[in-house]
Amino acid sequence: MILGKRRDLHDHTVELLLKSEASALDIDNYLRTKGVKVTIQGIYKALRELISEDIVIKQNQKYSINNLWRSRIIKIISNRNNFSLEEGEEVL
């Protein structure tokens, strides 16, 4: 699940691409440093899935986060529900 508690190949890929654009080989090297064992075919499959979900875009041989997806995520995160706490209540 994207950026959930249990991290999978998609999570690691999105994490890297949120920092900067990268090629499939860059992603492979990054995953090796994280101790994630995956084939290059698995990386390409994950990238195709992320592209089909409009999370990632490909330009030439580089992959990056889709700015429209990034904007939607920022909007969701920044759109907080304002509520008032009763005496003795707290947000954890």
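Predicted model: local features only at pLDDT ≥ 70, side-chain atom pairs only at ≥ 80, totals over all residues.
Residues are numbered from 1 along each chain as its sequence is written. Local features need pLDDT of at least 70, side-chain atom pairs count only at pLDDT 80 or more, totals for chains, interfaces and linings use all residues, and side-chain values use heavy atoms, with hydrogens and water left out.

**Helix packing**

Two packed helices are described by the angle between their axes and the distance between the axes. Axes here are lines fitted to C-alpha atoms, for helices over the stretch in contact, and angles run from 0 to 180 degrees between N-to-C directions. Helices are DSSP runs (H or I, at least four residues), numbered from the N terminus.

| Pair | Residues | Angle | Axis distance |
|---|---|---|---|
| H1 and H2 | 9-19 and 24-33 | about 115° | 10 Å apart |
| H2 and H3 | 24-33 and 40-52 | roughly 115° | within 10 Å |

H2 is therefore roughly perpendicular to H3 (65 to 115 degrees). H1 and H2 are also roughly perpendicular to each other. On the H1 side, the contact (heavy atoms within 4.5 Å) is made by Leu9, His12, Thr13, Glu15, Leu16 and Lys19. H2 supplies Asp26, Ile27, Tyr30 and Leu31. By class, this contact has five nonpolar, two polar and three charged residues. Ala, Val, Leu, Ile, Met, Phe, Trp, Tyr, Cys and Pro count as nonpolar, Asp, Glu, Lys and Arg as charged, and the others, Gly among them, as polar.

H2 passes H3 in a right-handed crossing too. Ala24, Leu25, Ile27, Asp28 and Leu31 of H2 meet Ile40, Ile43, Tyr44 and Leu47 of H3. These residues divide into eight nonpolar, no polar and one charged.

**Two residues of H1**

His12 lies in H1. His12 counts as buried because its relative accessibility is 9% (buried means under 20% relative accessible area, with a 1.4 Å probe and protein chains only). Not counting residues up to four places away in sequence, His12 touches Arg7, Tyr30, Leu31, Lys34 and Val36.

Leu18 is also in H1. Leaving aside neighbours within four places in sequence, Leu18 is in contact with Ile65, Trp69 and Arg70. Leu18 and Val56 are 38 residues apart in sequence. In space, their C-alpha atoms are 9.8 Å apart.

Terms used
Parallel < 35°, antiparallel > 145°, perpendicular 65-115°, else oblique. Buried < 20%, exposed > 50% of the residue type's maximum accessible area, 1.4 Å probe, protein only. Left-handed = near helix turned anticlockwise from the far one by under 90°.
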